[in-house]
Amino acid sequence: MSATTVDYRNLLAIGEGEEGVDPQRLTGDLASRFRVAHEEVERARRDGCMGFFDLPRAAEAAARVRRAAAGLRGRFDDLVVLGIGGSALGTRTLRDALGAGDPVRGPGAAAGPHPRLHVADNIDPHSIGTLLDGLDMRRTFFNVVSKSGSTTETLAQYVVVAERLAGEVGPDQVRKHLLFTTDPERGPLRALAEAAGIPTLPVPRNVAGRFSVLSAVGLFPAAAAGLDVTAVLRGAARMERRCRTDELTLNPAGVVATLLYRADVECGQRVHVFMPYCDRLRSFALWVQQLWGESLGKATGLDGRPAATGPTPLPAAGATDQHSLLQLFMEGPADKVVCFVTVDAADDPVPIGNAPASWPAFEFPEGHTLNHLITLEHAATAAALRTGGRPNLTVRLARLDAEALGELILLFQAATAYAGFLYGVDPLTQPGVELGKRYVHGLLGRSGYHPPPLEEANHPWQV
Ligand code: PA5
C-alpha cells in the first residue's frame with residue numbers, strides 16, 4: 001500500500017468566494033495539458049532518455065551495488081562520499097531521512113556494524129580539513145562520485161584525500177580505500193580507475209546527475225551504511241507504477257507538477273517553497289531544490305526559442321520556519337506557493353507529559369505528543385496560509401521509512417520531468433553552469449581556457 005498522498009485542497013476554489021483553481025479544470029484544460037506532458041515524458045522514456053524511471057527495477061545493478069557495499073563491512077569505521085550537486089545531495093537525503101551514519105556521534109566515536117557515512121560536498125578547506133583530521137585513514141573508505149568524472153571540486157577533493165591516504169596507509173594500499181562511481185566508459189575518473197586498478201560502479205548514461213540517487217550514486221553509500229536500499233527501490237517502483245497513468249487526478253507527480261506550474265504561469269507564484277515538517281527531511285528539501293531549480297531554469301525552450309523560464313525553489317523547515325519565513329509567506333509578495341511534506345506516524349512520538357505548573361501556556365491535553373503537536377502546527381499553518389489567500393499543497397507520508405522515502409523520491413523526480421515538458425524546457429540538461437566551469441579552468445591556468453574578463457583584483461569599484 002502506498003504511503004504517499006498529495007492533498008491539494010488548499011490550491012482549489014471550492015468554497016464561496018475562494019481563490020484558486022476551479023476543480024472542473026482538473027478534468028478539463030489542466031488534464032489535457034498534463035496528458036500532453038505525460039506523453040512527452042513517455043516518449044522520452046521509450047527513446048531511452050529518462051533512465052531514472054527504470055532504476056527501481058534495475059535488479060542486476062542493485063545486486064552489484066549490494067555486493068560492493070558488503071565488501072566494506074567490518075573493515076572500515078567511516079565512509080566518505082566525495083561529490084557535489086547530484087552526486088551528493090541524494091546520498092545525504094537517504095542518510096538523513098533514514099537515520100544511518102549517526103553523524104551526531106562524530107568520527108571519533110566507536111563505530112557500529114556499518115561505517116558512519118559522511119558526505120563531503122564542498123571544497124571549503126575548513127570543512128574538509130576538519131573532517132579528514134577526525135578520521136583514522138586506515139579505517140576510512142572513500143567513494144568518489146562524479147558522473148562526468150571531470151568535476152573540478154570532486155577531483156580536487158580526491159587529490160587531497162589520495163595524498164593523505166598515501167601518507168598514512170602507504171601508496172600501494174591507497175586503492176583498497178577507494179571506489180569510483182562514474183560513467184561506464186568515459187571521463188578522467190574512469191580512465192584513472194582503469195590505469196590504477198581502482199574498483200568502480202557505473203552511473204547509467206541515460207541518468208542525469210540530479211536524477212541519479214537510485215543508481216549506484218546513492219545506493220552504494222546507503223547500502224554500505226546499512227540502509228535498506230531494497231525497500232527504497234520497492235517504494236520507488238510503486239510510485240513509478242502510480243505515475244504511469246496520464247489521468248491527472250490519479251497521478252500524484254502529475255498533480256504536483258501541474259499545479260505548481262499553473263501557480264507560476266497563471267498567478268506569478270514563481271517561488272516554490274518546499275517545507276517538510278520533519279527534520280529528517282531537511283536534506284530532502286535541499287535535494288528537491290536542486291532538482292527543481294537546475295532542471296527547470298532554462299534560457300531556451302524545447303522549440304529552440306528563448307524561454308528564460310524556471311520557478312525559484314526555496315527550501316524551508318516546519319515548524320522552525322514558522323518563526324522565520326512564515327511572516328513573509330503570509331504577508332509578503334503573493335509570489336509563492338508552498339509545498340509541505342508531512343509524516344503522520346513517528347517512530348518515537350515523545351509524550352509531552354504534565355507541566356510543572358498550571359499556567360495555561362504549559363497546558364497540553366493529556367495524551368498529546370510532540371508528533372501530535374508538529375502535525376497540528378502544519379495543519380494550522382496550511383489553514384492560515386489558505387485563509388490569507390496563500391496557496392499550498394501537502395505531500396503526506398503515512399510514515400517515514402525506506403519504502404516511503406523511495407516513493408517520495410520518485411514522486412518528485414517524475415514531477416520534475418512532467419514540469420519540464422509543461423514549461424517547454426529540457427529538464428535533463430544544465431547548460432547554464434558550463435561557463436562558470438570554463439572560467440574556473442581558465443583561472444587555474446589550464447590550456448585552452450580563458451579566465452573571465454575584468455579579472456583584476458584591484459579595480460576601483462569596491463568599498
Ligand atoms: O544534476 C547534475 O547534472 C549536476 O548537478 C551534477 O550532479 C553536478 O554538477 C556534479 O556532476 P558530476 O557528477 O559529473 O561530478
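In what order do the five strands of the open sheet with parallel pairing stand? The legends below take up this sheet and several other close-up views. This is a predicted model, in which local features need pLDDT of at least 70 and side-chain atom pairs count only at pLDDT 80 or more, whereas totals for chains, interfaces and linings use all residues. Residues are numbered from 1 along each chain as its sequence is written, and side-chain values use heavy atoms, with hydrogens and water left out.

**View 1. The open sheet with parallel pairing.** The five strands follow the order β3-β2-β4-β5-β6, and their pairing is parallel; strands, like helices, are DSSP runs numbered from the N terminus (E, at least two residues, for strands; H or I, at least four, for helices), and two strands pair if DSSP finds at least two bridges between them. In general, strands of a sheet pair through backbone hydrogen bonds, either parallel or antiparallel. The edge strands, each pairing on one side only, are β3 (116–120) and β6 (200–202). From one strand to the next the twist averages 20°, with axes taken as lines fitted to C-alpha atoms (for helices over the stretch in contact) and angles running from 0 to 180 degrees between N-to-C directions. Strand β2 (residues 78–82) runs parallel to β4 and is joined to β4 by five bridges, and leucine 82 stands opposite valine 144 in β4.

**View 2. Helix α2 against the sheet.** Helix α2 (residues 59–70) packs on the sheet of View 1, where it touches β5 (178–182) and β6, and its direction makes about 160° with that of β6; contact here means heavy atoms within 4.5 Å. The twelve residues of α2 should span 16 Å at 1.5 Å a residue, and this agrees with its end C-alpha atoms, which are 16 Å apart; the expected span is 1.5 Å times one less than the number of residues. Ala62, Val65 and Ala69 of α2 are buried, where buried means under 20% relative accessible area, exposed over 50% and partly exposed in between (1.4 Å probe, protein chains only). Seen down the axis of α2, its buried residues fall within an arc of 60°, so they line one face of the helix; the arc is that of the directions from the helix axis to the C-beta atoms. These buried residues pack against β6, α7 and α8 (229–242), while the face turned away from the buried side of α2 carries the exposed residues Ala59, Glu60 and Arg67.

**View 3. Valine 81 and serine 87.** Valine 81 is found in strand β2 and is buried, with a relative accessible area of 0%. Leaving aside neighbours within four places in sequence, valine 81 is in contact with several residues, among them Ser87, Leu117, Val119, Asn143 and Pro221. Serine 87 lies in the loop between β2 and α3 (89–98) and counts as buried at 9% relative accessibility. Not counting residues up to four places away in sequence, serine 87 touches Val81, Val145, Ser146, Lys147 and Val217.

**View 4. Aromatic pairs.** A search of the whole structure finds twelve aromatic pairs; rings of Phe, Tyr and Trp (its six-membered ring) pair if their centres lie within 6.5 Å, and planes under 30 degrees apart count as stacked, over 60 as edge-to-face and the rest as tilted. One of these pairs is formed by phenylalanine 141 and phenylalanine 220, a tilted pair with 6.4 Å centre to centre and 55° between the planes. Phenylalanine 141 lies in strand β4 (residues 140–146) and phenylalanine 220 in helix α7 (residues 216–224), so the pair ties together parts that are 79 residues apart in sequence. Phenylalanine 141 is buried at a relative accessible area of 5%, and phenylalanine 220 is buried at 0%. Phenylalanine 274 and tryptophan 292 form an edge-to-face pair, 5.9 Å centre to centre with 75° between the planes, which links phenylalanine 274 in strand β7 (residues 271–276) to tryptophan 292 in helix α10 (residues 282–296), 18 residues apart. Phe274, Phe284, Trp287, Trp292 and Phe412 form one aromatic cluster.

**View 5. The open sheet with mixed pairing.** Five strands form this open sheet in the order β1-β12-β11-β7-β10, with mixed pairing. Its edge strands are β1 (4–7) and β10 (312–315), each of which pairs on one side only. Strand β11 (residues 336–345) runs parallel to β7, to which six bridges join β11, and valine 338 in β11 is the bridge partner of valine 273. Helix α12 (residues 370–387) lies across β11 and β12 (392–399), running at about 155° to β11.
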